Amino acid sequence: MSGDATLAAVPTAAGQRVRDGLRAVAEWSAPAVALALGVWALRRGDAADIGSLGLVTALRPELYVALALLTASFLHGVFRARPAPDALLAAHVAVLVVLLFGAAPIIEPLPRVISGWLHVGFADYIARTGETLPQLDARFSWPGFFALTAMATRAAGLPDAMPLLAWAPVGFNLLFGAAVFRLARDTSSDARTAWLALWLFFPANWVGQDYFGPQAMNYLFYLVLMMVLLRWFRPDRYGGLHQERPPRSPVALLLRVLRLPPRPLLREPIAQATGPASLVGLVAVVLAVFAASAVSHQLTPIAIVVSVGALVLVRRCTLRRLPVLLAVLLTAYISYGAVPYWAGHLHDMFGSFGNVGGTINHGAVERVRGDEGHQTVVLLRLVLAVAVWGLAAIGAWRRMRRGHGDLGLLALAGAPFLLLGMQSYGGEIFLRVYAFALPFMVVLLAGLLVPVWPARHRVPAAVLAGALSTVLIGAFFVARYGNESFERVRPGDHRAVEWLYDHAPAGTSFVSVTSNVPWRTEGVERYRYRPIGDDLGPTTIGAIEDEMRGNPKGAYLIFTKGQFVFAETFLGKPHGWGEGLERQVVDSGKFRLVYTSTEARIYVLGASRGGDR
Amino acid sequence: MTEIAEPRIDVPEQRALPAAADSPPPPPWPALLIVLVGPGVLALVVWDGPSALRAVSVLAYLAVVPGLACARLIRMSDGLSRFVIGVALSLALGVLVAQGMIQLHRWSPLLGLSTLTTIASLAAVTELARDVREHRRGRGVAAE
């Protein structure tokens, strides 16, 4: 370089550095501003505004501005000629997780979903006694998560697990995201597809199985196991599927009908190379994680066995005997550790085997009930699920058109549907199938949107991705938080339950008219709770009286706002049903008021005195 | 709109990835840190350290360290995989240890924490020993 050229290059290089610095500041300021604006908007939300469509009516418009800014910035980073640094894209994703899954803990004063509160009670029992109570609740037959929680909270010096409840969904989703990104990266030809798949995963994950409980931990186990198998235990070369087929073979005809090339799996990924010692270590990881899953959740280990079996069936897992080994481990645990459950519930476990129609009816059709708002929420969920599956199917087709088909990915996206033929899982199997298939569906979905690089039409692709993100994020707040009117825990309800624990002698009965009460967080074995396992408790004066007189040690009848909302919104009871029932209780003269607040009352048996209310 | 590319025979991307065994040796300080931090966490529990520090330290340790120490024994080319496998394995080991104590009627959160600390420390020491052995072997090959 000549002297003149050197002199000219110095200010140019300095100017370039300044421009790069300014661009980096602008890029990083987008997620920072979105986070600050979003949290500010959420803090201004009022839980009192939650209506029959859930949390969405309590959200401020500024939150949508923050999410729009975040989405635009993220998609610009993904779709520009040279993708943004991984750290920047990861920061966008982390902010998205906080704004989507942190919305409820920021707006609501108490952790949501009473099932999570119950899990705190189960862990509390184990922490106090070092034992389980399988006769009390089926979940105690799979106590792994509760035992871990008990050990961890007591070692940490916490009185119980309540401090972990509110933000557990954010923590779990960040972990899910790490595993989903690796899955997407290992099954996609470029990083853009993986980033977009990760971005779409969160708003599409409205299922709500990420609250504090064994199902959330087991979902992480499921994702990690599939990640390990897809990454290290694929074949390192493929045989027959890549060879030319006779033009009249059934597969060739099918490919022609679907307008697919003769070799749609041409560029299928292969196993990552690693040494034999590392492979042995990875098998040990698989077995340890599966063992922990088998002792801590009813459904996930079955989903793992089915998915691993599907991978082996399509020859995308070299551990051919693994599904058999996992099935033996699972059967051994159920035969030994879950006897108190299956001894009396064989019909619950196997009664719906093969009854796909009944399971779909129980899990989807029968769920369209309750008030108008709740029906809208359930229908939106169904539409979202079908839309994600449909778009993923088109994405799979496009990938195969490019020769980027991945049989392992397709097998894992489809395998969870086999669960529909096995168990109705209390009507929840539809949600679980959607959740288990989702990580693989979003990779296929992203394959529909991300063009082959270098792309001539990346702006339309980015706009399309932006439109889909907007729809999914907008729908997320209704689909996920649509039941918030009764899934949130009201402070008034909680105070009433605390009063019970402070005043009720051990052995007494706690009676409510619906199951939506935030109790059993402590002393699960000290009191008799009614109802358990059913949505409705006793709902006539005679039935309530019989239930309370059935316990010679005494009984408390609790009416809370949360129960009434649950009855109207979810169970479809007429407006004012709960208040009417309580009025009958008061008018009967057989119950005495012992606690009252604006949102809750507690009665005991006995002649009422004037001025109780 | 998405472009459809003509299928062409190409070397799959992952075939080109370097074998993890060829990657440079990992630094020793994470394993040393794992060995040192375990007794520190145990000390916080035994001597009932400040409540916030104790809660955060113990929960973070149980959620990450035992599994990560074991996962570090496996050669992996990227840190994200190691981390997420480490967290899942930590939770799995925690579940198995806690449930094992229930089955054996030996319930003690301190015993559980001690067991997991021992597992993590053994894994970290094994990693350090392996790295030292490989380092010596590498120097021997270089000297020849």
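The model is predicted; local features need pLDDT of at least 70, side-chain atom pairs count only at pLDDT 80 or more, and totals for chains, interfaces and linings use all residues. Residues are numbered from 1 along each chain as its sequence is written, while chains are lettered from A and ligands numbered from 1 in the order in which they are written.

Chain A holds 26 helices and five strands. Both kinds of element are DSSP runs, numbered from the N terminus: helices are H or I runs of at least four residues, and strands are E runs of at least two. The C-alpha trace of chain A spans about 100 × 60 × 50 Å along its principal axes. Of the 613 residues of chain A, 50% count as buried. A residue is buried if 20 or more other C-beta atoms lie within 10 Å of its own, exposed if 12 or fewer, and partly exposed in between, with C-beta atoms placed from the backbone. Contacts were also sorted by sequence separation. Two residues are in contact if their C-beta atoms, placed from the backbone, lie within 7 Å. Among contacts in chain A between residues at least 6 apart in sequence, 74% join residues at least 24 apart.

Chain A is divided into domain 1 (189-450) and domain 2 (490-605). These bounds come from an automatic or database domain assignment. The domain centres, taken over C-alpha atoms, are separated by 41 Å. Five residues from domain 1 and five from domain 2 take part in the contact between them. On the domain 1 side, there are no nonpolar residues, three polar and two charged. Here Ala, Val, Leu, Ile, Met, Phe, Trp, Tyr, Cys and Pro count as nonpolar, Asp, Glu, Lys and Arg as charged, and the others, Gly among them, as polar.

The strands of chain A build an open sheet. Five strands lie in the order S2-S1-S3-S5-S4, with mixed pairing. Two strands pair if DSSP finds at least two bridges between them. Strands S2 (528-530) and S4 stand at the edges, each with a single partner strand, so one side of each has no neighbour in the sheet. From one strand to the next, the twist averages 25°. S1 (residues 509-512) pairs with S2 in the parallel sense, over three bridges. Within this pair, A:Val511 has A:Arg530 in S2(A) as its bridge partner. Helix H24 (residues 541-549) packs on the sheet and touches S1, S2, S3 and S5 of chain A; its direction makes about 165° with that of S1(A). Axes are lines fitted to C-alpha atoms, for helices over the stretch in contact, and angles run from 0 to 180 degrees between N-to-C directions.

Further along the sheet, the pairing is antiparallel. Five bridges join S3 (residues 555-560) to S5 (residues 600-605) of chain A. A:Phe559 is partnered there by A:Arg601 in S5(A). Five bridges also join S4 (residues 591-596) to S5(A), again antiparallel. In this pair, A:Tyr595 is bridged to A:Ile602. S4(A) and S5(A) form a hairpin, with three residues between them.

One peptide bond of chain A is cis. It joins A:Arg530 and A:Pro531, with omega about 5°. A:Pro531 is found in the loop between S2 and H24 of chain A.

Chains A and B touch. The contact takes 60 residues from chain A and 48 residues from chain B. On the chain B side, the elements that give two or more residues are helices H2 (51-71), H3 (79-103) and H4 (109-143). H3(B) gives the most, with 17 residues. By class, the chain B side divides into 35 nonpolar, seven polar and six charged residues.

Two loop residues of chain B have a positive phi. For B:Asp48, phi is near 50°, in a residue other than glycine. B:Asp48 lies in the loop between H1 (29-46) and H2 of chain B. This residue is exposed, with 9 other C-beta atoms within 10 Å. For B:His105, phi is near 55°, also in a residue other than glycine. B:His105 lies in the loop between H3 and H4 of chain B. With 8 C-beta neighbours inside 10 Å, B:His105 counts as exposed.
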